[in-house]
Each structure stands twice: as structure tokens, then as C-alpha cells.
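Dear colleague,

Please find below the sequence and structure that I am handing over to you. My findings follow directly after.

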Amino acid sequence: MKRRYRHLSAGAVSVALGAALWHVVRVRPTPSVSVASLVADALPASGVSHNVTAVLLNFRSYDTLLEVAVLLAAAVVALALRDEPSARSPAHVMYVALDAFVWRLAPLLVLVAAYLLWAGSTRPGGAFQAGSVLAGAAVLLRLSGLKVTAVDHRLASRGAMTFGLVMFLCVAIGTLLAGQALLEYPAKWAGALILLIEAALTISIGVVLYSLFDNAPQARVSDRESERQRER
Amino acid sequence: MSADRLYAYVGAVLVALALYAFLVHTHVLRRLLAFNVMGGGTFLILVGLAQDGRGPDPVPQALVLTGIVVAVSATALAIILLRRWFATSQTTSLPEDGSS
Amino acid sequence: MNTFATGSGWWLPLAVLGSSLVPALVIMLLSEQRQRTRTALNLSAALIKLSLVAYMTWSVARGNSYELRFGMLPGVDFVLRADAMAMLFAGLSAVLWLFTTIYAIGYLEGSPNRSRFFGFFSLCVASTMGIALAGNLVTFLVFYELLTLSTYPLVVHRGTPKALKAGRTYLRYTIGGGAVLLTGVALLSMIAGDVSFADTGALVNLIAQDSALLRVAFWLLIAGLGVKAALVPLHGWLPVAMVAPAPVSALLHAVAVVKAGAFGIVRVVYNVYGVETAQLLGLLFPLAVLASTTIVWGSMRALFQTEIKKRLAYSTVSQVSYIALGIALFGPWGTIGGLAHLLHQGLMKITLFFCAGNYAETLGIHDIDELDGAGRRMPATSVAFTIGAFGMIGVPPLAGFVSKWYLGLGALEAGMPWVLGVLVLSSLLNAAYFLPIVHRLWFRPQAGPWPDERSFGKHETSRWLLMPAVATAVFTVGAGVLANLPYSPLRWAMLVSVRVYTQ
Amino acid sequence: MIHLAFDGLLGLVLVATAAGAMFSRDLFRGVVLFVVFGLLMALAWTRLQAPDLALAEAAIGAGLTGALLLDAIGHLRRRRRSEPDDSSVSPDTSA
Amino acid sequence: MSAQSLLPWMLMVPLSWATLMVLLAQQRDAITRVVNVVGALVLVGLSVALYAGVAQEGLAVHALGGWSAPLGIALRADGLAATLVVLTAVVSSACGLYAMTSERAARTNGKSAPRYFWPLFWLLITALNGIWLAGDLFNLYVGLELLGLSAVGLVALGGSEASLSSALRYLMAALLGSLAYLLGVALMYAAYGTLALPELAELITREPMTQLAIALMTVGLCLKTALFPLHGWLPPAHGVALTPVSAMLSALVVKGSFYILFRLWFEVAPDVVTPLAAQGLGILGAGAVLWGGWQALRESSLKMLVAHSTVAQLGYLFIFFPLAVGTGATAAALATQGMLLHVVAHALAKSAMFLASGTLIASVGRGGVADLAGVGRHMPMSLFAFGLAGVSLMGLPPSGGFNAKWLLLQSALASGQWFWLLVLLGGGLLTAGYVFRVFRESFLESPDDAGQFTKTPRAYDLFALTLAAMSVALGLASRAPLRFMTNGLAVMAGVQ
């Protein structure tokens with residue numbers, strides 16, 4: 001009875017939302033402001049020639065800074081909830097079939113990542129795409145049973161995770177100390193600084209995204225129980 | 001009708017469908033699927049409507065890129081919590097909220 | 001009017017408040033073992049306060065007034081002001097606090113949680129001072145609620161299930177009353193803005209357009225205040241709260257809680273509405289009826305109590321309403337009677353409670369029928385008790401007689417002769433429930449050993465316990481015999497009553 | 001016209017895979033469909049002239065999220081002792 | 001430094017400290033402690049400087065990257081934002097110091113403290129300051145997500161089964177809420193082509209897409225603010241988290257989404273929202289006040305009781321809407337003042353109450369209200385802090401809570417809406433009921449309880465008492481902070 005009620009009310013809410021959305025998409029007003037044209041006008045001064053990258057790392061770079069912080073928050077929680085080494089089960093053997101394929105694919109993916117990073121300033125691509133490809137390569141290696149370095153509590157791991165943010169912050173605070181607005185790059189250096197940030201972000205995003213996969217708890221139920229008993 | 005507008009409609013349908021799924025499922029993974037679909041629909045609406053009749057707009061595209069990264073962070077966080085919780089509780093469905 | 005306003009002497013009301021607020025905080029932080037420090041703090045604070053209040057009273061009598069004012073929230077000022085009416089209550093509190101402190105130090109010797117007790121005890125007096133000195137309704141409300149909060153830990157002090165249950169009842173009444181009072185104050189503020197207390201009231205200009213709302217606000221205020229003043233049918237908490245330690249009961253009944261309610265009614269009638277405005281709105285007659293009902297009802301119930309403190313409690317219900325009655329009698333005589341009784345009742349009732357506490361602490365006596373022959377064992381205490389009881393009955397020349405005399409005059413002046421009947425009936429009932437106790441004390445032989453006797457050497461009881469009771473008994477006699485001296489309660493009430501009537 | 005027809009079809013397939021992903025009885029199949037949905041989204045982004053998003057969606061939306069979900073399912077499946085299958089909802093509407 | 005140049009530091013400082021704390025996570029206690037204390041001092045100092053700067057110069061705007069809105073993003077600080085920045089610094093510093101003390105106590109007892117608390121702690125502050133100072137709709141979305149994720153992470157750090165399931169529930173609600181908000185952002189961008197709040201405020205008109213956008217954002221934000229009946233996630237999350245985390249969640253985090261809601265309704269879209277919708281929010285708020293209070297009365301665990309109290313107290317914030325939308329200028333101004341004061345007073349009082357409860361529980365060793373018997377004698381200071389905080393929550397004078405309630409009452413009377421008066425009073429009585437329930441248990445004297453209480457660090461009480469005393473002191477001097485907070489708000493335009 002309760003379930004039916006739940007389904008009915010959920011259905012009603014969803015249908016209402018769908019209808020409302022449908023309606024406003026149909027009668028949408030035309031906005032008077034066009035930020036797109038502002039972007040086009042300011043693009044030459046941004047230090048990059050690809051407009052999406054310009055928005056991400058220059059015009060709205062502050063959004064990106066906070067976004068990196070969001071990623072870091074997730075990574076930190078993952079690290080905090082990571083299994084103790086003793087409780088971790090050995091690497092999977094489930095997807096061994098992928099093995100041969102992966103061995104060839106992984107180096108290729110690293111190359112792709114490098115390309116995407118470099119491409120970002122002039123055409124589609126950039127730190128996020130590059131970083132996620134990097135992470136994807138690591139995940140594939142891991143799934144194929146290979147021992148990829150764990151992203152654990154070591155300083156090296158934490159350093160790699162925060163590398164991008166540290167670089168980003170250095171630039172940000174540097175601009176402030178130079179008397180500029182936050183993340184207001186000097187015109188001459190804009191391109192270089194953006195590339196610097198992106199390169200650092202690529203590594204960190206790759207490491208963080210992989211860590212989110214790698215640090216997902218593996219512990220067996222029985223392990224956890226024995227662990228708890230040990231604690232007592 | 002432009003392609004942009006069409007994808008906005010698709011986004012609207014996806015959002016509605018995913019909202020229903022989110023509300024009726026209790027299994028956390030299913031809710032995460034619904035969350036990601038809903039995100040996709042929202043992104044389609046954001047880009048589709050903004051570009052409708054005005055050509056490509058880098059601003060919403062950049063926003064969606066941010067949104068995608070945020071979504072994967074949230075999904076990963078949820079999965080980690082779920083797996084840790086599952087290890088002790090043996091369930092994957094959340095206790096009833098009484099709210100949703 | 002955002003910053004400190006008004007001329008010199010603004011710090012005096014603040015100092016009076018601080019003289020118990022600061023010790024309250026210090027005492028609470030003191031460790032339980034620092035008994036000497038605590039006692040020294042308590043007594044010196046009480047003495048400092050007494051001298052400050054004495055100075056201010058003297059100065060106010062010469063026509064000065066002190067005011068402290070600052071912006072508390074938009075549209076509302078925090079005002080402390082020492083006017084004649086304020087000093088009436090402040091003086092009473094300062095005097096009785098000194099005695100109660102002495103008494104409490106003796107009473108609680110060796111019992112646990114004394115830091116907490118004396119901390120809240122001081123906070124309670126700070127609230128009382130705040131109530132006395134509040135210069136507008138909102139400030140009054142602030143301290144009125146603070147009083148509720150600071151008395152709760154005192155009521156439940158013993159921590160027994162019975163005490164906690166009494167505390168719960170106490171809270172139900174007072175917090176509920178507080179909410180009603182808040183509504184009334186809020187309503188009045190909406191009608192009239194930030195209402196400062198003025199000698200002849202502040203609302204006379206509003207009678208024409210807002211009379212209905214003014215009436216509603218009045219009864220909300222009276223209902224809120226009536227809880228603490230124990231007006232029937234809002235008196236239920238008072239007898240239950242008897243489980244508290246004796247000094248707390250004394251404080252509750254004579255100075256702090258019931259008096260705060262009564263004083264609030266005084267403020268509302270005289271300084272918010274103005275007694276003439278209240279008369280015009282037809283508010284006084286119902287108030288007189290309410291007060292009379294309470295007087296008779298309380299006395300009737302007292303008659304049937306077998307516990308000493310319970311009987312005293314119902315007696316309080318009855319006696320405090322003399323104050324409300326006096327206020328409701330339009331005309332200076334009634335005012336004088338009511339205000340004088342505010343002071344007289346405090347002196348007499350605190351004497352009675354001190355004595356009741358002495359019987360309980362020294363001999364373990366709680367019930368009336370255990371008192372047989374106690375006069376011989378504890379003569380000084382029993383003399384004090386007898387004075388208090390006779391005062392309550394209204395035997396001349398004691399304090400109670402003076403109040404009743406002026407109340408009677410007021411009743412005639414206000415054209416309500418039936419009130420005389422109430423007074424006579426009440427006095428008869430007073431006699432009926434007090435005389436048997438006095439009889440047992442002096443004229444019945446001791447029946448068996450005392451329930452739980454403690455020895456204090458050659459003294460009948462601890463000096464800390466005896467001295468306050470005797471002192472307040474002396475005051476009770478003095479207030480009656482020397483009623484015409486300057487600064488006597490009666491003269492002060494006369495001083496105030498001159499100011500609250502325009503003609 | 002051909003473009004619009006393609007877009008329309010892609011839209012339908014998107015909705016269908018999404019529904020399949022969310023409502024299929026079998027969670028594993030749901031996640032596989034979700035990966036398909038992600039790839040189709042990437043296609044949609046190219047149609048919306050957003051190649052950056054296409055790349056990101058393919059790598060993150062479909063790739064990483066898919067991997068995370070699949071791994072989680074594998075984990076939960078293997079660890080669960082008695083499987084009270086969570087076949088909670090509605091008919092299977094996969095494409 | 002001018003207020004304008006201070007603005008970005010309010011984010012850079014906590015974000016840098018978050019990064020630093022990730023890097024220092026394995027370091028010895030002493031080092032992290034020193035770094036954290038320095039961070040808290042810097043944060044408080046800068047916040048106060050910002051407050052002073054805004055008080056002197058008025059609205060401060062910082063165009064990030066040197067690009068003015070709508071192309072770029074701006075940080076904006078008016079009196080309200082500056083006040084909240086200070087509030088955040090003060091409350092989180094107290095909670096942080098409390099956490100430090102408890103870490104130290106745990107180490108001395110040979111127990112381990114949760115790792116990675118500090119990065120999340122500083123990220124939470126980053127998110128909060130980001131939200132108070134934001135001038136852009138989408139930026140607010142990222143801020144909300146950062147807030148949600150770090151808050152969920154902090155809840156999960158408890159590590160117990162209960163804290164994990166609560167964190168998951170919290171996360172689900174937070175995700176759904178921010179998606180609804182994001183959908184609204186998408187529609188707003190489609191309708192106006194900009195995301196900058198001041199531009200939107202000028203352009204906005206009442207048409208279907210805007211109305212749907214506002215409605216979606218409102219629902220999403222209400223879910224994140226745990227408005228009844230969407231509050232189910234809050235009590236478990238706030239109730240099971242580590243004590244300082246609970247305090248920050250109840251005091252600050254839920255206010256983040258409410259703050260956005262307020263800005264949206266009264267700064268961006270005052271002509272789009274309707275009195276009917278406001279009445280709806282008010283009724284739900286009333287439901288929260290009564291239901292939350294009732295749940296708190298029946299709750300058997302102390303921290304859960306305090307968490308239910310948060311649900312009830314958040315209800316008061318929503319009673320503000322019907323008093324301020326579609327009523328006269330005076331009523332709206334009074335209601336705004338009351339609501340803002342309540343935000344501040346509740347933040348101080350509730351954090352104090354959580355800290356005090358945590359100390360009591362640490363002393364007793366169990367978390368039930370009934371387990372408190374006899375604690376009154378052993379933990380008088382904690383109980384006193386709890387009581388002071390309770391005074392403000394009950395709305396008894398003198399306290400910030402009373403002043404807030406007074407202003408709301410005046411607004412209800414001025415707008416002739418008597419119904420809300422009853423809710424406000426009833427809520428106060430319920431609050432008194434559950435606060436004194438705790439006292440009743442604590443004052444109970446049992447004969448043989450001397451040995452069962454653990455000694456707790458004295459510093460615990462200091463933090464709780466400080467916060468509680470501030471919430472009370474606010475009651476004596478509300479006028480100046482209120483004038484500062486409301487300065488320049490559109491809803492006050494008719495009065496000042």
C-alpha cells in the first residue's frame with residue numbers, strides 16, 4: 001500500500017515536472033544578453049584561442065578552482081575510508097581477459113592524454129579530459145590485474161593529488177600579491193600560466209579520479225568483523 | 001525546430017523520467033544511475049536552450065564540463081560510502097526517509 | 001537613542017544590577033570547597049547592594065531619578081530607571097536578600113551543590129533588581145523571564161523525583177505565563193510603540209481609537225503576570241513548589257517570584273495604562289473581583305492544610321492578592337494600602353518561612369500537629385513566628401494592620417464597600433488558620449520526642465538561622481509601630497501614590 | 001531534414017537507454033545500458049557542437065562512472081551472501 | 001587593505017589550509033595543531049577586517065580574473081555577507097578548537113582520532129565563504145556541491161555503520177537538491193543569458209520559465225535546508241556526526257542553502273515570487289516548528305534531540321516568508337530583521353548546544369537523555385552552557401533568540417497574520433519542553449554516581465560557553481548588527 005502510494009506520488013511529481021519543463025522549452029523567451037559574444041570579444045586577451053578553455057580557466061576560472069576543491073573533497077573522503085592494508089583483498093582477477101588488449105591500449109591512452117592537454121588551448125580538449133583519460137588508463141590497468149601503485153596515505157600520493165590545486169593556488173595567490181584581482185593573469189603570461197595550471201591539474205585529476213576507484217573499500221564482511229573484534 | 005531545441009526536449013523527458021526513478025528506488029546504485037541520467041538531462045537543457053537559435057555558446061559548455069566533474073565526484077563519493085556501509089550492514093537500500 | 005543616554009548617575013542602576021550579577025557568575029565558577037570565599041562574596045555583595053539601594057532611595061526621595069538607556073533591538077530600548085516605584089521594590093529586595101543570604105548560608109551548611117545554589121540565588125536577586133528597575137515593558141519582560149530561569153534550579157535543587165516534578169509544574173505555569181505575557185507586551189508595543197513606564201501612564205491618548213485592543217492587551221498582561229502573582233486560578237504551582245529548600249521558599253514567597261508578579265501588575269496599572277486610564281477602560285472592577293476571589297479562596301484552602309509550609313503557601317496566595325486588590329481600588333488610599341502591603345507582606349511572610357525552616361532544620365518538624373510545645377524549646381523562633389502570624393491576621397499595631405486599614409479606607413473611597421466584607425472575612429480566616437498554630441506552640445505540652453532533633457549547644461538553633469528570623473520580626477513590628485517615620489514602608493507608599501494620580 | 005531525423009532518433013534512443021538503465025530488473029544490465037547512454041550522450045554533444053563535452057562525457061560520464069558502478073556491482077554481488085534481489089520496479093523497458 | 005581586496009582572501013585562506021592539511025595529514029599532532037590555530041586566527045582576523053571594511057565602505061565587489069560580470073564572476077560582500085563571514089569564522093574556530101582538544105584527549109587515551117578531518121573542515125569553510133560572497137548563480141551551485149560533499153564527508157568520518165548510512169542519506173538528499181537547483185540555473189541562463197545576480201535582478205520578469213526556475217531552485221534549496229517535510233535526512237546526519245561536525249552542520253551548513261534562497265527571493269526575483277508561495281513555505285515552516293519540536297520532546301538520544309531541534313528552529317526561518325512577501329513595508333522589514341537575527345542567534349546557540357551535549361556525553365559515556373541523571377553535579381559548566389544556549393533557542397530574554405522572536409511577532413501583528421503568532425509561541429513552549437527535559441534528567445540526584453563520570457578537558461566548556469554567551473549577549477545589543485546586516489537589502493528599501 002505504502003509502495004503504491006510512493007509510486008503514485010513520485011509519478012505525479014515527475015509528470016508535473018516533465019510537463020512544466022516541456023512547456024517552458026516550447027515557449028522559451030529570447031534573452032537580451034549574450035555572454036557568448038562577450039566571450040568572443042575578450043578571447044584574444046585570454047591567453048588561449050579555444051573559447052571553452054578560455055571560459056574554464058580564465059573568465060570563470062574561479063568556478064574551476066572550486067570544482068577542483070570538490071574533487072579533492074571526494075578524494076579525501078575516499079582516502080579516509082580506505083581499507084587498512086591488511087583488510088584489502090588481492091587485486092581482481094575478474095577481468096583478466098582484458099589483459100592483452102589493455103597492455104597495448106594503456107601507453108596509447110597516456111599519449112592521448114598528453115595530446116588533449118596540449119590541444120586544450122587551441123581546440124577541444126584540456127585538463128579534465130586529459131586527466132580523465134589518464135585515470136581511465138590506470139583503471140584499465142588495474143582491472144586487468146596489474147598492480148598499479150596504490151594512491152594511499154603516503155606523502156607522494158597526497159602530493160600528487162593536491163599538485164594541481166597547489167599550482168592553481170600559487171598562481172591565484174601570486175596574482176593577489178601582485179596587486180591584481182584574483183586569477184587576473186598578466187597579459188603576457190596568460191597562456192603560459194593557463195598551460196601550467198592545466199598540466200598540473202591533469203596529473204592531479206588523473207590521480208584523484210583513479211584514487212576514487214582504487215580506494216573504494218574492498219574489505220570482506222568477515223574481514224571487517226574480525227577487524228572490529230580486534231579493536232575490542 | 002532546431003537540433004538544440006530538440007535536445008532540450010530530450011533533456012526534459014530525461015529529467016522527468018530520472019526524477020521518477022530517483023524517487024521510487026531505494027537501492028543506492030539505482031539512485032545513482034537516476035542521478036546521473038538526471039544530470040545528463042539537465043546538461044542537455046542547459047546547453048540546448050542556451051544555444052537554441054544562437055549558435056554554439058562556450059559558457060554553458062564550460063558549465064556542463066564543470067557539472068560533469070562534480071557529478072563524477074559525487075557518484076564516486078556515494079559509491080565509496082555505500083561500499084563501506086555495505087561491508088558492515090549487508091544492505092544496499094537506505095532506511096526509509098519518510099520524506100521522499 | 002542608540003547609545004547611553006541621560007546624565008550623570010546612569011551607572012547606579014547598573015551597579016545595583018551588577019552587584020548580584022557579577023557575584024552570581026563568580027560563585028558559579030567557584031569550586032564547591034571554597035566555602036569561606038563564597039560566604040564572603042555573598043555577604044559583601046548583599047551589603048554593597050543594600051548601601052547602593054539606600055543611597056539611591058535617599059536621592060530619589062529628594063526628587064532625583066537615574067536612568068540607563070540603550071538600543072536593544074530596532075524600536076525597543078533597554079531601560080533601567082530608578083524612580084520612586086522602583087525603589088519601593090528594590091529596597092524590599094535588597095533588605096530581604098541580605099537576611100535570606102545569611103539564612104541560606106546557615107541552612108545549606110554541608111549540603112552538596114552549593115556553588116550552583118548560590119550562583120542561581122544571586123542571579124535570582126539580580127533578576128528581581130532588574131524587575132524593580134526596569135524602565136519599560138520589554139526590559140521588565142527580560143528580567144521577568146530571567147527570574148523564571150534562575151528560580152528553576154533553586155526549586156529542583158534537591159534533585160529528588162518529587163522536587164523535579166514540582167519543577168516541572170513550576171515551569172509549565174511560568175513558561176506558559178511568560179508566553180502570554182510576551183503576547184500582551186508585543187500587542188501593546190504594536191499599538192503604542194515602545195512603552196516606557198511613566199508616573200501617570202502612557203496610553204491615555206489611545207483610549208479613543210484602540211480601546212478594544214487595549215483591553216485585550218491588559219488582560220493578556222494580567223494573565224501573564226497573574227501566574228507569578230498566584231491569582232486564582234493560576235496559583236497551582238505555588239503550593240507544589242514547597243519542596244524547595246526553606247530559603248528558596250522564603251525568597252519565592254516574600255521577594256522574588258510572587259512579588260515580581262504583583263509588582264508587574266502595579267507597573268501595568270499605574271505606569272503603563274495609568275490608573276485613571278484603567279478606570280476609564282473599566283478594567284479595575286474586574287481586577288478587584290479577581291483579587292477578592294483569590295483572597296478568600298486562598299484562605300479557605302490554607303485552613304485545610306496540615307503541613308506548615310503548605311499552609312503558609314496558601315496563605316501567600318491569599319495575602320499577595322491584597323496588593324492587587326489595593327491597586328484595583330481607585331483612589332489614593334487603596335494605592336497606599338496595596339503598595340504598603342507589597343512591603344509588609346514581604347516582611348511578615350519571610351519571617352514565617354524562616355521560622356518554619358528553623359523548626360524543620362532543628363527539630364525535624366514539618367506538620368502542624370508536631371508543633372505542640374515547640375515554643376518552650378525554641379522561644380525566640382516562636383516569638384518571631386507569633387509576630388508574623390499576628391501581623392498576617394492584622395492585629396494592631398503590626399504591619400498587617402496598617403495595610404488592611406488603608407485598604408479599607410480605599411474600598412470606601414472607591415465606592416466598593418463590599419470589599420470591607422472581603423477584608424473582614426479574610427482576617428477571620430487568617431485567624432482561623434494561624435491561631436491554632438500559635439496555640440500549639442505556646443499552650444500545648446510537648447507530645448513525645450521531636451521527629452529529628454539537632455543540638456546547637458546552648459542556643460536553640462544555629463545563629464545563622466535565628467538571626468534573620470528575629471530581625472525580620474523586629475521589622476514587622478517596626479513597620480507598624482513606626483509607620484509614620486520617614487522611609488517607613490507606609491510613607492514610601494504615600495510618596496508614590498501622590499505621583500500616580502494627576503489630580 | 002536528415003539531420004533532424006537523426007537527432008530525433010538519437011533523442012528517442014537516449015530516452016530508451018536511460019529508461020532501460022534505470023528500470024531494468026538486472027542492475028548489471030542497467031549499468032551496461034548506462035554506459036551506452038553515456039556514449040550516446042557524447043554523440044549528442046557533438047551534435048550540439050560541443051566537442052569538449054563529447055570528450056568529457058565519453059571519458060568521465062561513460063568511462064569512469066561506468067567503471068566505478070561496475071566495480072561496485074561486482075563488489076556488492078560477490079560480498080552479498082543471501083541475495084534479496086532488489087527487483088523493485090516496473091516492467092523492463094530497455095531498448 | 002580595502003574590503004574589496006580582502007574578499008578573495010576569505011576563500012584563499014581556507015582553501016590553502018585545506019590543501020596544507022592534506023599534505024600534513026600524517027604529521028605529528030603538534031605541527032598540525034599549530035598550523036590550524038594559526039589558520040583560525042588568520043581567518044577570524046581577516047573576517048573581522050572585512051566586516052570593518054564593509055562597514056566603512058559599503059558594498060564591496062571583487063571582479064575575479066579582472067573580468068567584470070556577466071563575462072566573469074564577481075565576489076560581493078554587503079553587510080549581511082560580511083556578518084555571515086564573521087559568524088562562520090567564529091563558530092568554526094570554536095568548533096575547530098574543540099575538535100583539536102578532543103583529538104588530543106583521544107590520543108592521550110590511546111584511541112585514534114579520525115584522519116583527514118582537517119582538510120574537510122577547511123573545505124567546508126571555503127564552501128561557506130564561497131556561498132556568502134558569491135555573485136553568480138552557477139558559482140553558487142559549485143559552492144553548494146562543495147559544501148554538500150565536504151559535509152557528507154565529515155559525517156562519514158564517524159566511521160560507524162550509523163554514520164555511514166546517515167552520510168549516504170544526506171548525500172542523496174544533497175544531490176537531488178543541488179540538481180533541482182542546477183536545473184533552475186539552466187532555465188535562468190536560457191531566459192536571460194547571464195548568471196550574474198545583479199544583472200539578473202535587473203532583467204528578471206515574471207514569465208513561465210523564470211517562475212519554473214525559481215520554483216525548482218526553491219524546492220532544491222528547501223530540501224538542502226531540511227524544510228519539513230523534506231527534513232528526514234537531517235536528524236540522523238546531525239545526530240551521529242562527531243560533535244564539532246554536528247555543531248558546524250546545524251549552525252552554518254544548513255544556513256548556506258537558506259541564504260541562497262533568501263537572496264533569490266528577495267534580491268533577484270522579488271517580483272516573481274507570490275504571496276501564495278510564501279504562505280506555502282510559511283505553513284511548511286510552521287509544520288517544522290511543531291513537528292521538529294514534538295520529535296525532540298520524544299527523542300531518547302541527546303544529540304538526536306538537539307538535531308530535531310534544528311529542524312524546528314529552521315522552521316522559524318521559513319515563517320519569515322509569509323511575513324515578508326505581499327505585506328506592508330514595515331512588516332516585511334521587521335520580519336527580515338527577525339529572520340536574520342535568528343540565523344545568527346541560532347548558529348551561536350545551536351553550536352554551543354551541540355558542543356555542550358558532546359561534552360556531557362563524553363563525560364557520561366552514553367548518549368541517552370536518561371543517562372544524564374546526576375550529571376548536573378559533575379558537569380555544571382557544560383550544563384550551564386547548554387542552558388544558556390537553550391535560553392536563546394526557547395526565545396526567552398535576554399538573548400538573540402528572544403529578539404528574533406520579538407521582531408517576528410511584531411511583524412505578524414503588523415501584517416495582521418495572527419496565525420503565525422500562535423506558531424511562534426507554541427514553538428517556544430515546545431522548545432522549553434525539550435530543553436528542560438534535559439535539565440530534569442541532569443538534576444536528578446542518584447545516591448551512588450560519583451565514580452561513573454569521566455573527566456573531560458576543561459577547554460570543552462570554554463568553547464561552548466563562549467558561543468552560548470555570545471548568543472545571549474546578542475540579545476542586549478541587536479540594533480547595531482541588525483542595522484549593518486540589513487543595510488542595502490532590497491526588502492528593507494521601504495523603511496530605511
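**Findings from the predicted model**

I begin with one residue of chain C: Phe89(C) is placed in helix 3 (residues 84-107) of chain C. Please bear in mind throughout that the model is predicted. Phe89(C) counts as buried because 25 C-beta neighbours lie inside 10 Å, the cut-off for a buried residue being 20 or more. Apart from its neighbours within four places in sequence, Phe89(C) has contacts with Ala132(C) and Phe263(C). Pro397(C) is 308 residues away from Phe89(C) along the chain, and the C-alpha atoms of these two residues are separated by 23 Å.

As to confidence, the average pLDDT of chain C is 89, and 98% of its residues score at least 70. Among the elements of chain C, the highest mean pLDDT, 94, belongs to helix 12 (residues 284-303), and the lowest, 81, to helix 9 (residues 246-255). Residues 1-5 of chain C have a pLDDT below 50, and in the model this stretch makes ten contacts beyond near neighbours in sequence.

Helix 1 (residues 11-29) and helix 2 (residues 35-61) of chain C pack with their axes 9 Å apart, at an angle of about 170 degrees. Angles over 145 degrees count as roughly antiparallel, and the two helices of chain C are therefore roughly antiparallel to each other. Helix 1 of chain C contributes residues including Leu12(C), Val16(C) and Ile27(C) to this contact, while helix 2 of chain C contributes, among others, Leu41(C), Ile48(C) and Met56(C). By class, the residues of this contact are twelve nonpolar, three polar and two charged.

- Chain A and chain E: 48 residues of chain A are in contact with 50 residues of chain E. On the chain A side, helix 1 (2-26), helix 2 (35-42), helix 3 (51-59), helix 4 (61-80) and helix 7 (155-177) each supply at least two residues. Helix 4 of chain A provides the largest share, 13 residues. This side of chain A comprises 33 nonpolar, nine polar and six charged residues.
- Chain B and chain A: 33 residues of chain B are in contact with 39 residues of chain A. The elements of chain B that give two or more residues to its side are helix 1 (3-24) and helix 3 (58-89). Helix 3 of chain B gives the most, with 17 residues. The side of chain B that touches chain A has 22 nonpolar, five polar and six charged residues.

With kind regards

Conventions:
Residues are numbered from 1 along each chain as its sequence is written. Chains are lettered from A and ligands numbered from 1 in the order in which they are written. This is a predicted model: local features need pLDDT of at least 70, side-chain atom pairs count only at pLDDT 80 or more; totals for chains, interfaces and linings use all residues. Two residues are in contact if their C-beta atoms, placed from the backbone, lie within 7 Å. Helices (H or I, at least four residues) and strands (E, at least two) are DSSP runs, numbered from the N terminus. Ala, Val, Leu, Ile, Met, Phe, Trp, Tyr, Cys and Pro count as nonpolar, Asp, Glu, Lys and Arg as charged, and the others, Gly among them, as polar. A residue is buried if 20 or more other C-beta atoms lie within 10 Å of its own, exposed if 12 or fewer, and partly exposed in between; C-beta atoms are placed from the backbone. pLDDT is the predictor's confidence in each residue, from 0 to 100. Axes are lines fitted to C-alpha atoms, for helices over the stretch in contact, and angles run from 0 to 180 degrees between N-to-C directions. Angles under 35 degrees count as roughly parallel, over 145 as roughly antiparallel, 65 to 115 as roughly perpendicular and the rest as oblique.
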